[in-house]
Amino acid sequence: MAGMICCKCLKELKPCKTYFKYLGNSFFTDVLKCPECGQVYISETLAKGRMAEVEMQLEDK
Ligand SMILES: [Zn+2]
């Protein structure tokens, strides 16, 4: 996940622990954030992977 650049500020994005809430579950995950404008970039793979994980945990119950 290195080498991503904010298209607005042209600054390198830094990984940042971010709190998510989804389907009643909450978790922290690293997302890329622009240190300049604070824009957060969540890759589709990351979002889908993490969301699918939560959904699987729910189905196990
Ligand atoms: Zn930016």
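What share of the 61 residues in the protein chain is buried? Buried residues make up 16% of them. Bear in mind as you read on that this is a predicted model.

## Overall build

Let's start with the layout. The protein chain holds three strands and one helix, and from the N terminus on the elements follow the order β-β-β-α. With a radius of gyration of 14 Å, well over the 10 Å that the globule rule gives for 61 residues, the protein chain is more spread out than a compact globule. Taken along the principal axes, the box filled by its C-alpha atoms is roughly 45 × 15 × 15 Å.

Of the contacts between residues at least 6 apart in sequence, 32% join residues at least 24 apart. The protein chain has an accessible surface of about 4,600 Å², and carbon and sulfur atoms account for 55% of that. As for charge, there are 9 positive and 8 negative charges, and their mean positions lie 8 Å apart.

## The sheet

The three strands make an open sheet in the order S1-S2-S3, with antiparallel pairing. Strand S1 (14–22) and strand S3 (40–41) stand at the edges and have a single partner strand each, so one side of each is left without a neighbour in the sheet. In a regular strand, side chains alternate between the two faces of the sheet.

How many bridges join S1 and S2? Their antiparallel pairing runs over nine bridges, and Tyr-22 has Asn-25 in S2 as its bridge partner. Strand S2 (residues 25–33) also pairs with S3 in the antiparallel sense, over two bridges. Here Lys-33 stands opposite Val-40 in S3, while Leu-32 has Tyr-41 in S3 as its bridge partner.

## Turns and positive phi values

S1 and S2 form a hairpin with two residues between them. Leu-23 lies in this loop between S1 and S2, and its phi is near 50 degrees, a positive value in a residue other than glycine. At 47% relative accessibility, Leu-23 counts as partly exposed. S2 and S3 form a hairpin too, with six residues between them, and Gly-38 in that turn has a positive phi of about 80 degrees.

Which positive phi value is found at Leu-10? The phi of Leu-10 is near 60 degrees, again in a residue other than glycine. Leu-10 sits in the segment before S1 and is exposed, with a relative accessible area of 65%. For context, most residues other than glycine have a negative phi.

## Around Cys-34

Is Cys-34 buried or exposed? Cys-34 is found in the loop between S2 and S3, and its relative accessible area is 2%, so Cys-34 counts as buried. Setting aside neighbours within four places in sequence, Cys-34 is in contact with Cys-6, Cys-9, Lys-11, Leu-13 and Gln-39.

Notes: Residues numbered from 1 in each chain as written. Predicted model: local features only at pLDDT ≥ 70, side-chain atom pairs only at ≥ 80, totals over all residues. Heavy atoms only, no water. Helix = DSSP H or I, 4+ residues; strand = E, 2+ residues; numbered from the N terminus. Rg over C-alpha atoms; globule rule 2.2 N^0.38 Å. Buried < 20%, exposed > 50% of the residue type's maximum accessible area, 1.4 Å probe, protein only. Contact = heavy atoms within 4.5 Å. Areas by Shrake-Rupley, 256 points an atom, 1.4 Å probe, with all protein chains shown as cover. Lys, Arg positive; Asp, Glu negative; His and termini not counted. Charge placed at Lys NZ, Arg CZ, Asp CG, Glu CD. Pairing = 2+ DSSP bridges.
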